[in-house]
Each structure stands twice: as structure tokens, then as C-alpha cells.
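Subject: Structure handover

Hello,

Here is the structure for you to look over. My notes follow below it.

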Amino acid sequence: MRIPDRRFALYLMTPAALFLAVFVAYPLFRLISDSFFKISPLVGGPREFVGFDNYVRAFTSPDFISAGWRTFAYTLTVVSLEFALGLGMALLFTTLGRKSQVWRTLFLYPLMIAPIVAGLLWKFLMIDNFGLLGTLLHQAGILQDPNQIGWLSNPDIVLFSVAVPDIWLTTSFMCLVLFAGLQNIPGDLIEAARLDGARAPSLLFRIILPLLRPVIAVALVVRGIDAARAFDTILIQTNGGPQSASETMSLLVYRTMIRFGDPGLASAMGTIYLLAMLAIAFVAVTTIWRPGKDT
Amino acid sequence: MSIAEANNHGGRPIGPAAPLPAGVAHSNAQAPASAVAGRSAFQPGRSASAPTPAGAGRKRRSVHREGLEAGKRSTRTILWILLAASLILYGFPFVYLLFTSFKTPIDTIAVPPTILPKEWTLQNYANALGRSGVPASFINSIQTAVISTLLSLVLSVPAAYGITRYKTRSGRIFIMAALVTRMVPPVAIGIPLASMMASVGLADTPIALSIAHTTISLPLSIWLMSSFFEAVPKDLEEAATVDGCSRLGALWRVVIPVVSGGIAVTAIFAFLASWNEFLFALLMTAIRSQTTPVVIANFQTQFGLDWGSMTALAAVYSIPVILLTLLLQRKIVAGMTLGAVKG
């Protein structure tokens with residue numbers, strides 16, 4: 001006896017669906033239910049139902065609000081710089097054509113490096129006193145004192161500094177996606193525009209960027225979601241400091257849970273964080289990125 | 001226009017050595033590029049469509065330029081210099097890490113720092129690898145990554161096949177749901193997941209951690225495998241089923257061999273995602289199953305600031321993966337192209 005195709009397809013999907021239900025959906029359910037309780041950090045400690053109290057505490061906490069803004073600023077910095085650099089490199093590779101292929105491959109190497117290693121490496125480059133970056137800028141005559149810029153110790157700029165490893169790691173990804181997109185632009189179109197006398201800037205802004213729009217949108221959404229979840233690189237570089245100036249949402253949730261021992265509040269924060277991400281992702285996915293559909 | 005559509009137009013492969021978007025390693029949702037690379041490699045036809053006559057530039061001032069390719073020789077020279085400069089800048093941080101790992105421990109924190117070691121030594125490597133827990137952490141990392149990769153493949157290959165081959169409503173809902181799980185911040189599910197594992201007696205084991213890592217790699221694997229299956233012509237299995245193969249038989253004997261290159265790519269992504277993962281490893285492991293990223297991070301607190309050992313360990317942990325991926329890249333893409341041609 002032959003089972004119908006639809007049921008056969010369902011059987012094929014069931015193991016993966018069960019896995020995701022048990023190991024993603026259920027923990028999420030636990031997170032959300034925890035957010036309504038006041039929980040003792042001790043294992044097996046008392047739980048007390050407090051309704052929306054944790055949510056009120058989260059929204060009235062200055063730490064939470066500023067972590068939200070920091071996450072936003074961090075994401076914006078990472079994504080815009082990555083986009084600018086990635087597009088520059090993609091254009092460079094495209095204009096150089098096939099001969100740049102080996103270099104394209106080499107350009108990808110940071111993608112294989114663990115974020116924790118990247119964070120560590122950049123901390124080592126930017127750290128006060130024996131950091132190489134300040135010293136090189138000093139030797140080049142740009143800085144008067146190697147420690148003039150406290151990359152990781154000045155609260156005003158630290159959010160930018162902790163973004164550097166993230167940018168370094170994944171500009172390659174941005175470049176890769178944009179490069180693939182650039183290959184799809186018909187050469188005739190560029191030829192025609194050139195014959196019409198279009199110069200490089202108008203070629204870029206009037207033709208290339210509008211044609212790349214779908215690819216750009218996907219790249220920005222994907223990277224935006226990742227950047228908003230950044231954790232490893234920031235933790236290893238500054239642990240959120242100095243004075244919480246680099247404490248993004250992931251770090252705040254982590255610290256509230258582990259260090260301050262308030263799982264209830266941390267769960268509420270995590271839930272809000274998750275809902276915000278899902279809302280943004282939902283809008284992005286439904287409007288621009290529709291996988292699995294034949295369009 | 002969706003990315004899937006953008007991909008369908010294919011375009012030239014990124015090159016025979018199509019770069020692997022291995023950024024997944026950072027637990028990132030980087031599927032589109034993978035699909036771009038994967039899909040385009042199935043279309044070898046167009047790769048030959050950009051013959052840039054290399055010699056022509058010598059005779060004429062301007063070579064025939066295809067699309068965006070720069071024509072003038074002077075422009076090209078400037079662009080090459082620009083490329084060289086950016087590659088040197090981009091590559092320098094890791095090279096500096098390597099140089100530092102060969103310095104003497106005192107030299108690593110010398111003020112002012114030097115780029116090259118004054119004296120080349122392997123002392124940092126000896127210190128780092130000789131530390132208790134470090135060799136064990138490598139074994140843990142390998143174990144966790146291998147289990148997670150296998151789990152990810154076993155679950156994603158049939159699921160992706162079900163989604164792409166039968167195009168049912170449930171399949172569409174499922175792939176969307178799988179993508180939504182990629183938006184979940186690991187920090188949000190890490191603690192509940194850890195306590196679940198503890199309650200079934202799996203606390204601090206590579207199994208528990210590899211399950212956690214699979215929650216990261218599975219949605220991506222499903223997405224990747226879907227785009228690989230999408231490229232397999234339906235006639236292939238229809239012919240097989242007509243010949244008396246069952247649907248499972250057709251999948252196993254006909255379709256799987258054709259997408260074996262895609263499976264290899266997916267495996268690499270799943271492996272890297274687990275190998276480089278830090279947050280779950282931090283939350284879910286203690287002494288027994290600690291992976292190397294956690295050990296590297298612990299160097300900061302546990303042993304003061306031993307930068308020399310940290311750089312050495314970071315180098316030992318990163319280099320095999322970089323080399324392996326760069327080496328395998330060509331084979332994987334060749335495999336994919338061959339599979340498509342034969343199919």
C-alpha cells in the first residue's frame with residue numbers, strides 16, 4: 001500500500017520538526033512562563049507568581065532601556081559599516097574580474113574564525129599601553145600619545161570599538177552576497193549606460209544599487225539580526241564595561257540571569273528582546289525574503 | 001523579488017573555488033550567500049561566458065570589457081594596488097596574532113609593542129597546550145562538533161527533501177517556522193535548555209552541548225539543503241520510481257548521490273557553527289565537557305592576563321579550520337558541478 005505524497009512529505013519533516021519543538025519551542029515556552037514568576041536563583045528555590053511585575057520592572061529599569069538603545073546603535077554601526085566596506089570590496093572584485101578569484105577566496109578567511117578569537121585579537125590590538133593600534137597611529141604621527149584614544153576604556157567610544165571585530169569578521173559575508181548579486185547584473189545594461197555617457201557615480205547610484213536592492217535587503221536583514229544578538233565579541237572585550245557603556249541586550253540578559261541571579265526579570269527581558277526581534281524579522285521576511293515559494 | 005528568485009538567475013559561479021560563506025560559524029543566519037554560491041555552482045554553463053582576453057590589453061589601450069569589468073590598464077593597476085592594500089589591512093590582524101604567539105611571554109606585553117617577535121620561540125605553544133584541560137577541550141570540541149554535524153544532517157536532509165519535492169502547505173509553514181527559530185537569541189533559550197538537559201541527566205556532556213548547537217545549525221541546514229534539492233530535476237526520481245524504486249529508495253539511491261556535494265557543504269557549515277560557538281558552551285558545560293572557546297575565554301580570568309598562551313591557543317584552534325575549509329572548497333564545488341552534470 002502506498003501512502004499519499006502529502007503524508008510522506010510530512011513523515012520526512014517530522015523528525016526535524018520534533019527536534020525544533022523540543023529543543024527550541026519548549027525552552028522558549030519555559031522562558032516565557034518564567035517571566036511571570038519571581039524566582040529564587042537557587043536550584044529548586046521558591047517560585048512566586050507575580051503577573052506582569054517583571055515586565056514593569058524591565059521597562060522601568062534604566063539599564064534595560066539603555067541596553068535597548070545600545071543594541072540598536074551597535075547594530076546600525078555594524079551593518080552600515082559592513083555594507084559600505086563589503087560593497088566597496090565587491091565592486092573592486094567585480095571590476096577586476098576573474099583574475100581576482102584567488103584573492104576573493106582568501107578574503108573570506110575571517111569567516112572561519114571563532115568570534116571569541118576575533119574579540120580577543122581585537123582586544124589585544126586596542127588595549128591600552130601594549131595595544132598595537134595606538135602605537136602604530138602614534139608612530140604614523142596621527143596621535144601624540146599611543147594611549148590618547150582609550151579604545152576600550154573610554155565609555156564614549158567603546159560601543160564603536162567592540163563593534164570592530166564583528167565588522168572585521170563578517171564584512172566578507174556582506175562582500176560575498178553583494179558580489180554574487182553584482183554578477184547577475186546584465187553586462188549589456190552597464191554597456192548601454194556607459195554609451196549614454198553615465199559616469200561611475202551615477203552608474204552606481206542609478207543602476208547598480210537599484211538592481212541590487214533585493215540582495216542588499218536580504219544581506220542587511222540577515223546581518224542585522226546577527227548583530228542584534230552579538231554576545232561573544234563584546235563579552236570577551238569589555239564584559240559590557242566600562243560603566244556598562246558596551247552592555248547590549250544579550251549581555252544584559254546574561255548578566256541579569258547569571259550574575260545578578262534574577263531569572264524572572266532576565267526571562268522578562270529576554271522575552272521582550274525576542275518579541276522585538278521576531279517582529280522585525282517577521283516584517284522583513286514577509287516583505288522581502290520569501291523562502292520556499294516559487295515566485 | 002525574493003532571494004530565491006535572485007538565485008535562480010544564477011549568474012557566473014563565484015569561481016571554481018567558490019568561496020564558502022562559512023560565516024555560519026558565528027552562529028549567524030547566513031543562508032542566502034550559501035544558496036547563491038551553491039546554486040550558481042550548479043550552472044557551470046555560464047562560467048565560461050566571461051572570456052577576458054588577457055593579451056588584448058597590450059595592443060589596445062582598452063580591452064574589451066564585460067559589464068562592470070574595468071577596461072583601461074591604468075585603472076586596473078590602481079584597482080590592483082587598492083585590492084592589495086585592503087587585503088593586507090584585512091589580513092594583518094590575524095597575522096599579528098600569529099607573530100605574537102611566537103614571541104616570548106614577556107615580549108607579548110612589551111610597551112611599545114613590536115610587530116615581529118624579537119626572538120622566535122614556541123614557549124607560548126608549550127605553555128598553552130601543556131595547561132591542564134586544554135587537550136581535553138580539543139577532544140570535547142571535536143566530539144561536540146561531529147555529533148552536532150551528524151544530527152543536523154540526519155534531521156535536515158529528509159526534511160529539506162520533503163519540503164522541496166512535495167511543496168505541501170505544511171512544508172511551507174515548516175520552513176518559515178525553521179527560519180523564525182534562527183531569530184531566537186541563544187541567550188534566551190540557553191538557560192532553560194541547560195536545565196532541561198540537567199533534568200534528564202545530561203548536564204555537562206558533549207551530547208547535551210551538541211544538541212544545543214544543532215538548534216543553531218538545523219534551521220540553516222534545512223534551508224541550505226532545500227536550495228540544493230531545488231536544483232535536482234524532478235525527472236530524475238520520477239524515472240527511478242517508474243523503474244520500480246520506492247520513494248525512499250529513489251531518495252537514497254538517486255537523489256542523495258546527486259546532492260552529495262551539497263551535503264558536504266551543509267556538513268561544513270554545521271561543523272563550523274558548533275566548533276566556533278561560545279555562548280551555549282559557556283552556559284552548558286563545566287569541567288568535563290568544556291570546549292576550547294570557553295577555555296580561551298577563561299584564560300582571561302583564571303590565569304591573569306597570559307596573552308602569549310591565549311594567542312597560541314587561538315592560533316591552534318583556528319588554523320586547522322581555516323586550512324581545511326580553504327582546501328575542501330575546491331573539491332566541494334567540483335563535486336557539486338559534477339553531480340549536476342551527471343544527473
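Start with A:Val117. Setting aside neighbours within four places in sequence, A:Val117 is in contact with B:Ile296, B:Ala314, B:Tyr317 and B:Ser318. Two residues are in contact if their C-beta atoms, placed from the backbone, lie within 7 Å.

Some conventions. This is a predicted model, in which local features need pLDDT of at least 70, side-chain atom pairs count only at pLDDT 80 or more, and totals for chains, interfaces and linings use all residues. Residues are numbered from 1 along each chain as its sequence is written, while chains are lettered from A and ligands numbered from 1 in the order in which they are written.

The core

A:Val117 belongs to the largest nonpolar core, which has 168 residues. A nonpolar core here is a set of buried Ala, Val, Leu, Ile, Met, Phe, Trp, Tyr and Cys residues joined through C-beta atoms within 7 Å. Buried means 20 or more other C-beta atoms within 10 Å of a residue's own; exposed means 12 or fewer, and partly exposed lies in between, with C-beta atoms placed from the backbone. The members that touch the most others are A:Val117, A:Leu178, A:Val253, B:Ile296 and B:Ala314. Helix α7 (residues 158-183) of chain A gives the most to this core, with 16 residues. Helices (H or I, at least four residues) and strands (E, at least two) are DSSP runs, numbered from the N terminus.

The interface

94 residues of chain A are in contact with 102 residues of chain B. Helix α1 (residues 5-34) of chain A contributes the most to chain A's side, with 18 residues. That side divides into 67 nonpolar, 17 polar and 10 charged residues. Nonpolar covers Ala, Val, Leu, Ile, Met, Phe, Trp, Tyr, Cys and Pro; charged covers Asp, Glu, Lys and Arg; the others, Gly among them, are polar.

Helix α6 of chain A

This helix spans residues 132-139, and its buried residues are A:Leu132, A:Leu133, A:Gly134 and A:Thr135. Their cover includes α5 (115-126) of chain A together with α4 (73-101) of chain B. A:Gly141 follows the helix, with a positive phi near 85°.

Chain B

Chain B has 16 helices and zero strands. Of its 343 residues, 52% are buried. Among its contacts between residues at least 6 apart in sequence, 75% join residues at least 24 apart.

Look at helix α6 (residues 123-130) of chain B, where B:Tyr125 lies. B:Tyr125 is partly exposed because 18 other C-beta atoms lie within 10 Å. Not counting residues up to four places away, B:Tyr125 touches B:Ser101 and B:Ala312. B:Ser309 is 184 residues from B:Tyr125 along the chain, yet their C-alpha atoms are separated by 6.4 Å. B:Gln123 has 17 other C-beta atoms within 10 Å, so B:Gln123 is partly exposed. Beyond four places in sequence, B:Gln123 is in contact with B:Thr104 and B:Pro105.

A:Leu220

A:Leu220 sits in helix α9 (residues 200-228) of chain A. Leaving aside neighbours within four places in sequence, its contacts are A:Val79 and A:Phe83.

Confidence

Chain A has a mean pLDDT of 86, and 96% of its residues reach 70 or more. pLDDT is the predictor's confidence in each residue, from 0 to 100. In chain A, confidence is lowest in helix α4 (residues 101-107), at a mean of 79, and highest in helix α2 (residues 53-60), at 93.

Best wishes
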